[in-house]
Amino acid sequence: MDAGTEDVSDYPADCCPDDCYRRFPFLAGDDDAPFWQGWANLRLKTFQLIENKYFETAVITMILLSSLALALEDVNLPSRPILQDILYYMDRIFTVIFFLEMLIKWLALGFAKYFTNAWCWLDFVIVMVSLINFVASLLGAGGIQAFKTMRTLRALRPLRAMSRMQGMRVVVNALVQAIPSIFNVLLVCLIFWLIFAIMGVQLFAGKYYKCVDANGTTLSHEIIPDKNVCIAENYTWENSPMNFDHVGKAYLCLFQVATFKGWIQIMNDAIDSRELGKQPIRETNIYMYLYFVFFIIFGSFFTLNLFIGVIIDNFNEQKKKAGGSLEMFMTEDQKKYYNAMKKMGSKKPLKAIPRPRWRPQAIVFEIVTDKKFDMIIMLFIGLNMLTMTMDHYQQTQIFTNVLDILNAIFIVIFSSECILKIFALRYYYFKEPWNLFDFVVVILSILGLILSDLIEKYFVSPTLLRVVRVAKVGRVLRLVKGAKGIRTLLFALAMSLPALFNICLLLFLVMFIFAIFGMSFFMNVKEKSGLDDVYNFKTFPKSMILLFQMSTSAGWDGVLDGIINEEDCEQPNPEMGSPGDCGSSTVGIAFLLSYLVISFLIVINMYIAVILENYSQATEDVQEGLTDDDYDMYYEIWQQFDPDGTQYIRYDQLSEFLDVLEPPLQIHKPNKYKIVSMDIPICKGDLMFCVDILDALTKDFFARKGNPIEETGELAEVAPGRPDEVGYEPVSSTLWRQREEYCARLIQNAWRKHKQQRQGGADSPNSNDARETAVLVESDGFVTKNGHRVVIHSRSPSTTSRLADV
């Protein structure tokens, strides 16, 4: 179901498969005929129409409106005739619109392409269901049970939105890839549970019956020893709703035990059971505890958690495939370097905030940009959090006054921080998102203090506004070297957010569809057990709340008891037009079990899988690779050496720069020979480019880990970007600079000796020596590997000339 493989071309594909054209040649047509030219032009226009983003937006809007119309068909609809008529005509209109959209897609894409795409098949099935219902109602056959059942399938309409949202398509594609593995886990569960189900039938079949009085209280075995006495005394001999009378019931009981919902009563009935027809005695069959202990260990802890394992394993497989052919030919270390290069490419040095010239402002600037200042603010945030936790119910007036005074002090401190920063940083203060957040928090805190009575009356308690201050801790965490573990967790969470949002959308879609189904099947069911006036399927909002509750597996056993109630209820009366308030065992069990498997066992476990996967990835990045945080730190320190944001620093600054970097990129002094060995390019004017240095440091990091990176063609494709402007002109490198200087010294020493010999042999004038020097250097100059020409200029014509310039 890989929607990503669709090829988007400028011209529509052939209408029919090649086989069809071979059997019916006339379908191919004649390109020169006016009709076929018009036909080709029409297909091209429709193809351009469906590729248009506005067309897609219009279709999504229609799908959402039709889904909303389904949500309005609740228990109150019969008492709203106007709404009934509106929804009736809306349903017809949407059916016609979706049918026309399908025809347009047939025309644009052709049957071959349309029916080979899984998402198009999904659209086709849903549209055909609506169309059959539409035709049936026009022919007056809408009252037939088969068409009534098919009408409920309209609840699948929201699924069409899924095919048009890229994020949900990614999640569903991943889920579809995992379906074979999920079916394998379900099969293992069914087989494994079958053993316990058969054992349960053998041990407990028919033994869950008990004698109860009119109030439903179980009578003592001393008064009522068996079934015969119970019936003779006019009491009720009844069975427990959850029992092991056959394998189907046993499976349902085991599912309740495995999800830990309502299983205590099932276990109590088991350990109280005796022979058939006998009144149960408390804990008479105590060894049956072992049955439930073993099932929970092997049937729940092991088998149900296989779902998480399968989904994580599938994610890993998807990730390997998504890496594409480029990563297939890389070693693990090269992949890590490849990922580091991709992170590096997204970063650029920012222009540092210029230091103010006015002395008082400059002093404040030095204070507020110091890390110690941020640490002190963090300390006050911690104290503020502590005072907020002291707020409690029925506190004394003195305690309340003290907390209010402390809150006012904290507002003054945070307001002072804000004012000092605005004074020192000027308009640059508002360019950083964290500063804007601080500013808003301070304004809200001041408003909360001044207008506390007004805010509490019309909005929320001012205390809630204070809680927002806690979020300020996030900005300081990255300054604490010891908070690397917390930073890793936050990094993993940030990496997970897009995937979690997509899964959240999928869960909402599943809940929406099951809410529509639930309203169709159980709208009029009698309130019993887990169904009451708040949690029920009577309206769409209440259905969504109930389904969200059950997505955590909470209280589903009570809901099941309510929707399968077929005895203690009023049967439907078609003659009187009464729908009755009975449930349905078959529909109820199928509905609830399918919802729990999809939401609780698969979708909710996808959250766990995504977070675990991203946490392991983030931990691996921190331990084995370089994170975005390391690159951010690099560019923060770079700002101090390159305040104008030119992306260059001088060669003589490099040693100091590498010394003040944060680990793991830091290289302590003395680092002269390390710089030479890293072979970093030097640009014209003895300047070093920021990305060249970072690239060299990244390679050095992996080399220190024992994994030196070998340059390959694949890695060259993701090499960090170099600027195209004229300023970037590499003329040498740190390694070649050292070689050039060494060569210059050798030439200079040779020249000195030569000059001394000549001076010893002949007494020539100094001017001639100088002239001869110039001629000799001009003739002996040479070009290095990097194109840098070495020329010796003698500083003085004397024999004691100093080191030559290069």
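Here are a few exercises on this predicted model, each with a worked solution.

Residues are numbered from 1 along each chain as its sequence is written. Local features need pLDDT of at least 70, side-chain atom pairs count only at pLDDT 80 or more, totals for chains, interfaces and linings use all residues, and side-chain values use heavy atoms, with hydrogens and water left out.

**Exercise 1. Find the disulfides and say what each pair ties together.**

Step 1: Look for pairs of cysteine sulfur atoms within 2.5 Å, the cut-off for a disulfide. Searching the whole structure turns up two.

Step 2: Take cysteine 211 and cysteine 230, whose sulfur atoms are 2.1 Å apart. Cysteine 211 sits in strand 1 (residues 210-212) and cysteine 230 in helix 9 (residues 227-232), so this pair ties together parts 19 residues apart in sequence. Helices (H or I, at least four residues) and strands (E, at least two) are DSSP runs, numbered from the N terminus.

Step 3: Now try cysteine 569 and cysteine 582, with sulfur atoms 1.9 Å apart. Both lie in the loop between helix 25 (556-563) and helix 26, so the pair ties together parts 13 residues apart in sequence.

Step 4: Counting bonded cysteines along the chain, you get the pattern 1-2, 3-4.

**Exercise 2. Is leucine 626 buried or exposed, and where does it lie?**

Step 1: Use the cut-offs: buried is under 20% relative accessible area, exposed over 50%, and partly exposed in between (1.4 Å probe, protein chains only). Leucine 626 has 2%, so call this residue buried.

Step 2: Look along the chain to threonine 698, 72 residues from leucine 626; their C-alpha atoms are separated by 7.9 Å.

**Exercise 3. Describe the largest nonpolar core and what isoleucine 563 touches.**

Step 1: A nonpolar core is a set of buried Ala, Val, Leu, Ile, Met, Phe, Trp, Tyr and Cys residues joined through side-chain atoms within 4.5 Å. The largest holds 87 residues, and Ile563 is one of the six-name group that touches the most other members, along with Phe244, Phe537, Leu547, Met550 and Phe591. Helix 23 (residues 484-522) gives the most to this core, 15 residues.

Step 2: List contacts (heavy atoms within 4.5 Å). Leaving out residues up to four places away in sequence, isoleucine 563 touches, among others, Phe522, Val525, Leu531 and Gly588.
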